[in-house]
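Colleague: Could you take me through the charged side-chain pairs here?
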Amino acid sequence: SEKVKQVVGDIMEKTLDNQAAFLALIRTREFDPALRDHLLSVSTLAIIMGQALGYEGLRLQNLATGALLHDVGLLRLPHYMYRLPHALRKFERTLYESHPQLGTAMLDKNGGFAPEVIRMVTDHHVTPDGLGYPQDVAADATLEESRLVMVLDRYDEMLTGQLTLPPQSPQEALSHLYKEGQAKRLDLTLVSQLIRVIGVYPLYSLVELSSGEK
């Protein structure tokens, strides 16, 4: 837990002063669905979103930590399951969907993590419509932080093509997220906040104005 806190502290220190640079890094990186890159991207976005939502101090630190560790349970699964879980066979999908509980068990065993961090790891696939997993967690019992991590998790998966082929543009990803929010698969309020923070035309998008200027 001490190593994780040090990493989160470093991320927070850099991100809070260099939001634009981090957003550009996430936006322009080459397609690479490696778990490490995914976790760092979700944690970085979580810090930016947490600030926009008014999180401060320990709450912001816990959010960044939970986002950094949300998929840690995947380390207990075969490596090939990091990619394209929608193509897995039924027994493999059941195993894949156990990664929140596996991650929770890992953090409990190591100790030193705040209850809110552990809940984010446990609940980040619990959807508002109750069709997510683990199914023994009630949709209305999740933290806002858990629902936020879920939104950012999906956003980064879409950008990198981790769950979809080919990778989507930020505009396509945000549009897809909004539709999922309307269908109550995601928290629509948090999706709307992400759109306001990231923008319909994210950093370094090429935009042509009606005047012809680019």
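This is a predicted model: local features need pLDDT of at least 70, side-chain atom pairs count only at pLDDT 80 or more; totals for chains, interfaces and linings use all residues.

Colleague: How many salt bridges does a search of the whole structure find?

Modeller: The search finds 10 salt bridges.

Colleague: Which side chain meets Glu 92 in a salt bridge?

Modeller: Arg 89 does, with an N to O distance of 3.1 Å.

Colleague: Is Glu 92 buried or exposed?

Modeller: Glu 92 counts as buried because its relative accessibility is 5%, under the 20% cut-off. Arg 89, in contrast, counts as exposed at 54%.

Colleague: And what does Glu 97 form a salt bridge with?

Modeller: Its partner is Arg 93, and the closest N and O atoms are 3.2 Å apart. Glu 97 is partly exposed at 24% relative accessibility, and Arg 93 is also partly exposed, at 30%.

Colleague: How accessible are Asp 123 and Arg 119?

Modeller: Asp 123 is buried, with 5% relative accessibility, whereas Arg 119 is partly exposed, with a relative accessible area of 32%.

Colleague: Which residues are linked with Arg 59 in a network of salt bridges?

Modeller: That network links Arg 59 with Glu 144 and Glu 145.

Colleague: Why can such side chains pair?

Modeller: Side chains of opposite charge can pair when their charged atoms come close.

Terms used: Residues are numbered from 1 along each chain as its sequence is written. Side-chain values use heavy atoms; hydrogens and water are left out. A salt bridge is a side-chain nitrogen of Lys or Arg within 4 Å of a carboxyl oxygen of Asp or Glu. Buried means under 20% relative accessible area, exposed over 50%, partly exposed in between (1.4 Å probe, protein chains only).
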